[in-house]
Amino acid sequence: LMFDDCPLVAGDIAGLAKHCHQLTVIGAGNTGISASLEGVAHYLGSTPRVLRFHSGTEFEGSISALNECTSVMTLDVHSTAVAGDLSGLNSLRDLRYLDVSATDITGSLSDLGKQCLCLEEIHADHTAISGPLSDLQPLKLLRVANFSNSKVSGRLSDLDHFVNNLRFLSI
């Protein structure tokens, strides 16, 4: 269930989600739809694999609400009012794609390096996410890393462990 570039579509997506327990893809962008992570997580539980809510959508909540959504592989909440700490993603062990750019999400790269070992793409530009690049070393599958305008630090040599797989890096 995706609503993209439909500015005349409005309402609360959680109300719809409570009737659609088998949804594996849910999202909205540039719509009049509102939602909260807590509402989506409550009604969909562990079934969603893709959550994409981004700019132009009233989407908010704490990232820790996703503890129930253990099957999520793609999380895209860029340019929304979602907040919280990266440690709130610790139950998303199959997470492959993460875009928290231009959100109020904070935390350390070590939170990703400890829990989200399947990550292939991370987009965290314009965030307060911090930590040394060396904390990404456990992420052997990482291909894309975008940390521009964040608080990430370190040396380029910290990336030697996956430089052969890396296709895009912005710091």
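How far is the sulfur of Cys118 from the closest cysteine sulfur, and in which residue is that sulfur?

1. Cysteines. The closest cysteine sulfur to that of Cys118 belongs to Cys116 and is 8.8 Å away, too far for a bond. The structure has 0 disulfides, a disulfide being a pair of cysteine sulfur atoms within 2.5 Å. Cys69 has 0% relative accessibility and therefore counts as buried (buried is under 20% relative accessible area, exposed over 50%, partly exposed in between, with a 1.4 Å probe and protein chains only).

2. Basis. This is a predicted model, in which local features need pLDDT of at least 70 and side-chain atom pairs count only at pLDDT 80 or more, while totals for chains, interfaces and linings use all residues. Residues are numbered from 1 along each chain as its sequence is written, and side-chain values use heavy atoms, with hydrogens and water left out.

3. Strands. Strand β6 (residues 81-85) runs parallel to β4 (residues 58-62), joined by 3 bridges; Glu60 is opposite Ala81 of β6. β6 also pairs with β8 (residues 104-106) in the parallel sense, over 3 bridges, where Asp85 has Thr106 in β8 as its bridge partner. Pairing requires at least two DSSP bridges between two strands; helices (H or I, at least four residues) and strands (E, at least two) are DSSP runs numbered from the N terminus.

4. Backbone angles. Most residues other than glycine have a negative phi. His126, not a glycine, has a positive phi of about 60°. His126 sits in the loop between β9 (121-123) and β10 (130-132) and is partly exposed, at 46% relative accessible area.

5. A further positive phi. Asn149 has a phi near 55° and lies in the loop between β11 (144-146) and β12 (151-153). With a relative accessible area of 54%, Asn149 is exposed.
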